[in-house]
Amino acid sequence: MNCLAVKLPGLDLKNPIIPASGCFGFGREFAEYYDLSELGSIMIKATTQEPRLGNPVPRVAETPGGMLNAIGLQNPGIEKVMATELPFLEQFDLPIIANVAGTTLEDYVSVAKEISKAPNVTALEINVSCPNVKVGGITFGTDAKVAADLTRAIKEVSSVPVYIKLSPNVTNIVEIAKAVEAAGADGITMINTLLGMRLDLKTGKPIIANGTGGLSGPGIKPVAVRMVHDVYKGVNIPIIGMGGVSTAEDVLEFLYAGASAVAVGTANFVNPYVCPDIIADLPRVLDKYGFEKLEDAIGFAHRA
Amino acid sequence: MRRVQNLEVVSQREIARHIFELVLKGDLVSAMLQPGQFVNVKVGEMEAPLLRRPISICDVSHDRQELTIIYRAEGQGTKLLSKKTAGDAVDILGPLGTGYDLTEIPSDATVLLVGGGIGVPPMYETGKQLTKRGNKVISVLGFGSAADVFYEEKFAGLGEVYVATMDGSHGFKGNVVELIQQKNLPFDMVLGCGPKVMLAAIEKTFGATKQGFLSFEERMACGIGACYACVCQTKSGKQARVCKEGPVFKLGEVIL
């Protein structure tokens, strides 16, 4: 028996480790390092209707235990993603989670409808939480009613289960989670990056050309764990947790908080092998803390 | 082969003001073939600084499985790296990026190697490989001041070498392009690495009449092409990643 297996709507995962959207491109670069079939799934880079060139450089700045980024949803657009990127991933034995972004509700619905028909896309992740674009993105994820309306509209057209990616940049994340659950979301992925800024001491200007950026990396892990813990208590749909995961112990902590699977983001930039390394180490960590299988650890913090 | 490895420090020394030469040894060196590529260096085991530091490959010895990198200890990360001593391990990812494609350089061409400051190091391995295949190389190295100068004697081993300093404290007073023009150096192709202002001057002066390659620098996160932090704009209206399609591009290809 595979002690790491977990089953979520649309996602029959051999293990719970998923590279996070925006940190893994469409897999091509990492395929030069290891067999992507080792992964549970892949959350592909956010895809929009039209190709996007993203923001000016510098796009990143380092922080203690983390980094800020403002890439700006650079992607080749739905047409190219459907024609070349998703077919490239078909050689690997894993379900794909397609991250969908847009400027208007119509954009989201149109991309979601089309991309959900790709043969290897078995779930959608709706990006209502990108802090780095001027229009759309986070504006859909910070108002419960707007998020719910978008969820409903996408559920009507999607051929696969729909996960909503929540923003931590809100007063009450549980309220948003409940709203999207009521609107029919099949699951939640959380958290996106925390809005931040770094200033250049010589010029007084932000280091990142966009001004602000999204904070990620080990430094945000406690925020993410707390939010997963809160949302787990408030909803009955599964959560894919993320935020600063770089070890198998981090994965267990997210499982305890209530995540059913875990995405790995920034750590891929530090060690391109981090996902297979975590997968290899996870059975040891589960055993160390007395779990026969991964599913037994999900939500453990709420029973301890 | 796993392309992240701990290499062992053979030696480290300060060869100019804040400029360190670090020699590393390990299996991974056997994969380092093309000049102009870089390695991404984890400077410490802790989570701060989190990201790797991209540093160009300066010299490779396949016989000894040794890699030389040269960097300026300026920020928190490179200062930490400068504390490593013989026997220590350094976590290296690489080789990365697209370097100088020597097959595009005719073997009878006279090649002008232009390095500015911390852009000097990759020109050394490039020059080594070019001379090995029979090219004549002329090296022009630019620095701020005499205290910043390094590798003049190493480049002298490859052929003619000229040094420019901005304050005139060593060699020619002025920048590398002024030196090339004043000495009227004869060459067929130009290869350059250095600050953007130097690359722009090379392109402005020689872009219309000569062929060549320039190596670029940009803030990176992953170094392997996945994060899209280090993009540049090309004249054909496309975007390229400095870490993947670059850091070396054809002269005139990138909008400066």
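**A strand and its surroundings**

Mentor: Strand β2 (residues 19–25) of chain B is largely enclosed by the rest of the structure, because five of its seven residues are buried. Buried here stands for 20 or more other C-beta atoms within 10 Å of the residue's own, exposed for 12 or fewer, and partly exposed for anything in between, with C-beta atoms placed from the backbone. Helices (H or I, at least four residues) and strands (E, at least two) are DSSP runs, numbered from the N terminus.

Trainee: Before we go on, what sort of model is this, and how are things numbered?

Mentor: This is a predicted model, in which local features need pLDDT of at least 70 and side-chain atom pairs count only at pLDDT 80 or more, while totals for chains, interfaces and linings use all residues. Residues are numbered from 1 along each chain as its sequence is written, and chains are lettered from A and ligands numbered from 1 in the order in which they are written.

Trainee: Back to β2(B), then: in which sense does β1 of chain B pair with it, and over how many bridges?

Mentor: Strand β1 (residues 4–16) of chain B pairs with β2(B) in the antiparallel sense over seven bridges, where pairing requires that DSSP finds at least two bridges between two strands. B:A16 has B:I19 of β2(B) as its bridge partner.

Trainee: And what lies between β1(B) and β2(B)?

Mentor: The two strands form a hairpin with two residues between them, and B:H18 in the turn has a positive phi of about 65 degrees.

Trainee: Which strand do another seven bridges join to β2(B)?

Mentor: That is strand β5 (residues 66–72) of chain B, which runs antiparallel to β2(B) and is joined to it by seven bridges. Within β5(B), B:I69 stands opposite B:L22.

Trainee: Which peptide bond in chain B is cis, then?

Mentor: The bond from B:G94 to B:P95 is cis, with omega near 0 degrees, and B:P95 is found in strand β6 (residues 89–96) of chain B. In chain A, the bond from A:M190 to A:I191 is cis with omega near 10 degrees, and A:I191 is in the loop between β10 (187–190) and β11 (194–196) of that chain. Most residues other than glycine have a negative phi, and most peptide bonds are trans.

Trainee: Last one: how many residues does each chain give to the contact?

Mentor: Chain A gives 28 residues and chain B gives 24, with two residues in contact if their C-beta atoms, placed from the backbone, lie within 7 Å. On the side of chain A that touches chain B, the elements giving two or more residues are α1 (28–31), β5 (60–63), β6 (66–69) and α8 (267–270) of chain A.
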